[in-house]
Amino acid sequence: NKVKRSGLAKYFDRVVIVSKKGIAEYQQLLDEENISAENFLMIGNSFKSDIQPVLKIGGYGIHIPFHTTWRHEVVSEYAHSNCIKITGFDQILPTLGL
C-alpha cells in the first residue's frame, strides 16, 4: 500500500515484505535476486531496521523519519555517504532525479 501511495509502484517488478529486517535477511534477498549491494536502495522510516543493515552490507538508504519511533527501533543515527535523509514520500522522486 505504501509503495502504491508513494507513486513509485511503476518502478518495481517486485515488492517484498519481510518479518525481520537485518543484515542476513537483506543479504538473502539480494542473493535471491542476484543483486549486488551497491545496486540496492532501501527507503524506510526506521534507521535501525530499514537503513542501518543495508548500509552495513554496502547498499544505499533513503531515511524518512516518522514523528514517533517504537522504543525497540531507537538507535543513534549517523551520517553516511550512502544515506540521504528526507522528510516525506513526495521527496523520493526528486531525490532520485526522477
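**Close-up views of a predicted single-chain model**

**View 1. Helix H3 and its buried residues.** The buried residues of helix H3 are Phe47, Ser49, Asp50, Ile51, Gln52, Pro53, Val54 and Leu55. In this predicted model, H3 is mostly covered, since 8 of its 10 residues count as buried. Just after the helix, Gly58 adopts a positive phi of about 100°.

**View 2. The three-stranded sheet.** Strands E1, E2 and E3 form an open sheet in the order E1-E2-E3, with parallel pairing. Its edges are strand E1 (41-44) and strand E3 (83-85), each of which pairs on one side only. On average, neighbouring strands of the sheet are turned by 15° against each other, direction ignored. Strands of a sheet pair through backbone hydrogen bonds, in either a parallel or an antiparallel arrangement.

**View 3. Pairing of E2 with E3, and the helix packed on the sheet.** Strand E2, spanning residues 60-63, pairs with E3 in the parallel sense over 3 bridges. Within this pairing, Gly61 of the chain stands opposite Cys83 in E3. Helix H3 (residues 47-56) packs on the sheet and touches E1, E2 and E3. The direction of H3 makes about 155° with that of E2.

**View 4. The two faces of helix H2.** Which residues of helix H2 are buried? In H2, which covers residues 23-33, they are Tyr26, Leu29 and Leu30. Seen down the axis of H2, these buried residues fall within an arc of 95°, and they therefore line one face of the helix. An α-helix has 3.6 residues a turn, so residues three or four places apart point the same way. The face of H2 turned away from the buried side carries the exposed residues Ala24 and Asp31. E1 and H3 are among the elements that cover the buried residues of H2. H2 is followed by Asn34, which has a positive phi near 55°.

**View 5. Ser81 in the loop between E2 and E3.** Is Ser81 buried or exposed? Ser81, located in the loop that joins E2 and E3, has a relative accessible area of 73% and is therefore exposed, the cut-off for this class being over 50%. From C-alpha to C-alpha, Ser81 and Tyr60 are 8.6 Å apart in space, while 21 residues separate them in sequence.

**View 6. The whole chain, for orientation.** The chain contains 4 helices and 3 strands, which follow the pattern α-α-β-α-β-β-α along the sequence. Its C-alpha atoms fill a box of roughly 35 × 30 × 25 Å, taken along the principal axes. A compact globule of 98 residues would have a radius of gyration near 13 Å, and the value of 13 Å for the chain agrees with this. Buried residues account for 32% of the 98 residues. The accessible surface comes to about 7,000 Å², and 53% of it belongs to carbon and sulfur atoms. Of the contacts between residues at least 6 apart in sequence, 39% join residues at least 24 apart.

Note on methods: Residues are numbered from 1 along each chain as its sequence is written. This is a predicted model: local features need pLDDT of at least 70, side-chain atom pairs count only at pLDDT 80 or more; totals for chains, interfaces and linings use all residues. Side-chain values use heavy atoms; hydrogens and water are left out. Two strands pair if DSSP finds at least two bridges between them. Axes are lines fitted to C-alpha atoms, for helices over the stretch in contact, and angles run from 0 to 180 degrees between N-to-C directions. Contact means heavy atoms within 4.5 Å. The radius of gyration is taken over C-alpha atoms; the globule rule is 2.2 Å times the number of residues to the power 0.38. Buried means under 20% relative accessible area, exposed over 50%, partly exposed in between (1.4 Å probe, protein chains only). Accessible areas come from the Shrake-Rupley method with a 1.4 Å probe; for residues, only the protein chains shown count as cover. The arc is that of the directions from the helix axis to the C-beta atoms.
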